[in-house]
Amino acid sequence: MKRLLSLLCMPPLLAACSLTQVPPEPGQQAPAASPGAPSVTGPLVVPPLSALPDTPARALGGRFQRANWADLPGWSADDLSQLWPLFIRNCKGLMRPTSGNLAAPARAAPRVWQPVCAAAADLGQDPLDAATVREFVQTHLQPWRLSGADGRPAANTVTGYYEPLVRGSRRQGGVYQWPLYAVPDDLLTIDLGAVYPELAGKRVRGKLVGKRVVPYDTRAAIESSNRKPPAIVWVDDPVDNFFLQVQGSGRVLLTDGPDAGTTIRVAYADHNGQPYASIGRWLIDKGELGADQASMQNIRAWAQRNPQRVREMLNANPAVVFFREEAVTDPELGPKGAYGIPLAPRRSIAVDAGFVPLGAPVYLATTWPASDRPLRRLVFAQDTGAAIRGAARADFYWGYGDEAGALAGRMKQRGQMWVLWPRQAGEPSAR
């Protein structure tokens with residue numbers, strides 16, 4: 001999720017400061033692989049350097065200070081026994097040629113990673129013991145402490161996000177009254193950078209009325225229209241429906257019909273271009289909840305007490321997210337992030353790609369949600385988000401389901417990060 005516009009964030013409002021709250025722009029996902037490029041689903045294939053043409057470097061907003069492994073707090077205590085398959089999968093992303101598309105988030109430079117990923121491929125794709133993984137990482141990578149533009153070591157907020165699980169039906173009826181829509185046929189996405197290079201990465205959404213392009217419909221206008229987008233599923237709870245849209249993707253347990261008992265994924269596809277507005281803030285402004293009560297649980301309880309006002313509450317947020325259906329092929333993996341790689345619970349983060357390029361391994365030092373207990377581990381920068389801005393700002397992917405949601409909802413900690421970069425390549429760079 002990632003990127004509508006501004007978020008009105010309140011600490012108790014379940015992951016409302018998380019990234020993926022306003023989902024990824026089409027074209028901001030990792031560029032599609034060119035013909036012959038390594039697959040991110042098959043075995044790791046490392047192309048020769050000649051197959052990885054360089055593209056112009058992209059400036060990063062921070063600075064990097066060379067560090068020693070002993071400088072990373074808790075590094076020796078991080079259990080790396082399950083890390084190797086994730087490292088291999090991240091290499092599959094790193095080995096895709098870059099496109100030079102400035103509308104896409106900055107990526108780690110593939111050419112500097114080619115020798116590291118080739119060495120990883122030589123060790124195979126099966127899990128390796130923690131000691132072997134640690135030795136590989138320390139041999140081939142160099143930690144760089146991320147600093148701000150002022151050169152001072154960066155410390156910033158670490159929030160959390162997750163993949164919700166909701167109940168739904170392919171048919172509207174009974175309690176299943178809350179649609180998750182596919183992309184409407186009349187939605188236009190206009191790339192302003194194609195006309196004005198200085199606006200690279202800027203897009204507007206709208207629809208054609210006569211010969212004019214006008215803003216696309218708000219949530220309220222869509223719901224009152226007699227020409228609604230096609231619904232993928234209908235969810236049994238309006239608050240679950242809303243927060244799934246806030247997270248940007250989720251899983252739906254189908255409860256009837258020939259697919260009863262099947263769990264599908266609804267993945268972010270697009271949005272209506274309208275600005276996001278917090279329903280928690282709306283409830284506070286209306287005097288319905290106190291400023292310290294805007295949690296998912298209290299919002300759901302309010303909706304149950306006030307069923308006649310639920311649509312009024314939801315329509316306070318004009319933004320609508322549109323989805324595409326995907327099969328859940330591996331229950332342990334999350335949705336694809338902005339890097340095009342399935343997110344790994346507790347090992348993937350969203351970053352500001354203007355400071356940390358996508359695909360970079362990162363050592364993150366923070367604490368567990370609402371706690372002083374250290375949370376220090378090697379993670380991969382595989383996602384981005386509208387609310388994820390600045391040096392060392394991160395959104396930590398907790399996984400899917402209620403437990404992950406509870407952890408994500410309480411996560412608002414301070415954190416620091418070190419980018420791990422090929423030892424012989426100098427400081428981190430982006431393409």
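**View 1. The buried residues of helix α1 in this predicted model.** Trp84, Leu86, Phe87, Ile88, Arg89, Asn90, Cys91, Lys92, Gly93 and Leu94 are the buried residues of α1, where buried means under 20% relative accessible area with a 1.4 Å probe, protein chains only. Because 10 of the 11 residues of α1 (residues 84-94) are buried, the helix is largely enclosed by the rest of the structure. Its cover includes α2 (110-122), α3 (130-140), β2 (141-147) and β15 (374-383). Helices (H or I, at least four residues) and strands (E, at least two) are DSSP runs, numbered from the N terminus.

**View 2. Helix α5 meets helix α7.** Here the axes of α5 (residues 238-247) and α7 (residues 296-305) come within 9 Å and cross at roughly 140°; axes are lines fitted to C-alpha atoms, for helices over the stretch in contact, and angles run from 0 to 180 degrees between N-to-C directions. Val239, Asp240 and Phe243 of α5 touch Met296, Ile299, Arg300 and Ala303 of α7, contact being heavy atoms within 4.5 Å.

**View 3. An open sheet with mixed pairing.** Follow its 6 strands in the order β5-β9-β4-β10-β11-β12; two strands pair if DSSP finds at least two bridges between them. β5 (178-181) and β12 (321-327) stand at the edges with a single partner strand each, so one side of each has no neighbour in the sheet.

**View 4. The antiparallel strands β10 and β11.** Look for the 5 bridges joining β10 (residues 249-254) to β11 (residues 263-271); Val252 has Ile264 in β11 as its bridge partner.

**Notes.** Residues are numbered from 1 along each chain as its sequence is written.

Key: Predicted model: local features only at pLDDT ≥ 70, side-chain atom pairs only at ≥ 80, totals over all residues. Heavy atoms only, no water. Buried < 20%, exposed > 50% of the residue type's maximum accessible area, 1.4 Å probe, protein only.
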